[in-house]
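Good morning, and thank you for coming. I would ask you to look at the structure on the screen while I speak.

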Amino acid sequence: MTATLPERPAPAAAPPPTPPPAKRKTRRTPLTWYRGGGLANLLFVLPMVFVFFFFSWSPIVQSVVMSLQKTNLLVSEWVGLDNYIAVLTDPQLGRAVVNTVYFALLALLLGFPLPLFVAVLMSEVRRGKGLYSALAYLPVVIPPVVAVLLWKFFYSADPSGVFNTVLSWFGIPPQPWISSAVQAMPSLVLEATWAAAGGSIIIYLAALLSVPPELYDAAEVDGAGIWRKVWHVTLPQLRGILFIMLILQVIATAQVFLEPFLFTGGGPAGATKTILLYIYDKAFRNSLGGDYGEATAVSVLLAIVLAILSWLYFTLTNRWSTS
């Protein structure tokens, strides 16, 4: 005969945890703001806000006001939108816009992919990477005016010019370079790309360090070569920085001034006259001062176009850079 053990009662279920009491929202009043140190924080931030407004927003407001006046900084007359109508109907502005767009397109075709290409090659180098980085950044260290004047000497149209001498080694006849209306703009883009590529290369090299090496190892296991790794690993990982660098280059090329001003002065035959050079001529075309109102009106229009372009660009690329 076997004894039957009594059934043990099931343990009682633990009571559910008591939720923490809801915090009462403190009503914000001027007195609580003062007791919380709000006045001290405001007094601490106020000088920086004043400096930022004075040097950043105050010139913008003054520019908008000046664009509605006919002024040479000595005598001002309120003319409303006449300055905008005058510059928008000026055929020289249309020519300057076309030249600026042409410069921007050439700079994007040459100056945007080249730094990325060089950065990828330098990232594959095992020895002397620091030396190559210093050599790539060296053009940025050279003062821009000195660089332009140096290249202007190289672009001499004489057969004994530096670039024409190099071309003669390969049996190519001398080229007019910046003396030609056809070759002037590509020549300016070539120098501008050389001068600015170093900064982009350093940024891309820093961004390449953030790419996980495991992705490259997996690509090598799958038999991918260097170009397939760049296309399927590097570029997708650098989408964010590529989008930022692209819009920065578009804004910079839309405001190009130094190269056309020092190389050609807008010539030959107005082939290199850009928007900023058009603004400069409007403002300083004679010793007594030009029409600053019309020059400022063009500046305001350029700022509005670039702001709209930047907003559209970030709106369209926001989903691509995060997906």
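How many aromatic pairs does a search of the whole structure find? Before I answer, please note that this is a predicted model. The search finds 19 aromatic pairs. One of them is formed by Phe-257 and Tyr-280, whose ring centres are 5.5 Å apart with 50° between the planes, a tilted arrangement. This pair links distant parts of the chain, as Phe-257 sits in the loop between helix 12 and helix 13 (258-263) and Tyr-280 in helix 14, 23 residues apart.

Another pair, Tyr-313 with Phe-314, is edge-to-face, at 5.7 Å centre to centre and 80° between the planes. Here Tyr-313 is buried, at 14% relative accessible area, whereas Phe-314 is partly exposed, at 39%. There is also one aromatic cluster formed by Trp-151, Phe-153, Phe-154, Tyr-155, Phe-163, Trp-177, Trp-194 and Phe-263.

Let me now turn to the chain as a whole. Its secondary structure comes to 15 helices and two strands. Of its 323 residues, 32% are buried. The chain exposes about 21,400 Å², and carbon and sulfur atoms supply 71% of that area. If we take the contacts between residues at least 6 apart in sequence, 63% of them join residues at least 24 apart.

The next topic is charge. Side chains of opposite charge can pair when their charged atoms come close. How many salt bridges does the count come to? The count comes to four.

Consider Lys-70 and Asp-291, which form a salt bridge with their closest N and O atoms 2.9 Å apart. Lys-70 belongs to strand 1 (residues 69-71), and Asp-291 to the loop between helix 14 (275-284) and helix 15 (292-322), so this pair ties together parts that are 221 residues apart in sequence. The two partners may be described by their accessibility: Lys-70 is partly exposed, at 41%, and Asp-291 is buried, at 5%.

A further salt bridge joins the side chains of Asp-90 and Lys-282, at 3.8 Å from N to O. Asp-90 lies in the loop between helix 3 (82-88) and helix 4 (91-111) while Lys-282 lies in helix 14, so parts that are 192 residues apart in sequence are tied together. Why does Asp-90 count as buried? Its relative accessibility is 18%, and the cut-off for a buried residue is under 20%. Lys-282 is buried as well, at 11%.

Lys-282 has another partner, Glu-294, with the closest N and O atoms 2.7 Å apart. Since Lys-282 is in helix 14 and Glu-294 in helix 15, this pair ties together parts that are 12 residues apart in sequence. Glu-294 is buried too, at 12% relative accessible area. Through shared partners, the salt bridges join Asp-90, Lys-282 and Glu-294 into one network.

I come now to the nonpolar interior. In soluble globular proteins, nonpolar side chains tend to be buried together. Which members of the largest nonpolar core touch the most other members? Of its 20 residues, they are Leu-116, Ala-119, Ile-201, Tyr-204, Leu-208, Leu-238 and Leu-242. Two or more residues of this core come from each of helix 5 (113-123), helix 9 (184-208), helix 10 (213-221), helix 11 (226-237) and helix 12 (239-254). Helix 9 contributes the most, with five residues. As an example, Leu-238 touches Leu-116, Ala-207, Leu-208 and Val-211, leaving out residues up to four places away in sequence. A second, separate core of 14 residues includes Tyr-155, Met-185, Leu-188 and Phe-263.

Finally, two individual residues. Ser-187 lies in helix 9 and is buried, at 5% relative accessibility. Beyond residues up to four places away in sequence, Ser-187 touches Tyr-155, Trp-177 and Ile-178.

Tyr-216 lies in helix 10 and is also buried, at 18%. Apart from neighbours within four places in sequence, Tyr-216 is in contact with Leu-208, Val-211, Lys-229, Val-233 and Thr-234. From Tyr-216 to Ile-226, the separation is 10 residues in sequence and 9.4 Å in space, C-alpha to C-alpha.

Thank you for your attention.

Note on methods. Residues numbered from 1 in each chain as written. Predicted model: local features only at pLDDT ≥ 70, side-chain atom pairs only at ≥ 80, totals over all residues. Heavy atoms only, no water. Helix = DSSP H or I, 4+ residues; strand = E, 2+ residues; numbered from the N terminus. Buried < 20%, exposed > 50% of the residue type's maximum accessible area, 1.4 Å probe, protein only. Core = buried A, V, L, I, M, F, W, Y, C linked by side-chain atoms within 4.5 Å. Contact = heavy atoms within 4.5 Å. Areas by Shrake-Rupley, 256 points an atom, 1.4 Å probe, with all protein chains shown as cover. Phe/Tyr/Trp six-rings, centres within 6.5 Å; stacked < 30°, edge-to-face > 60°.
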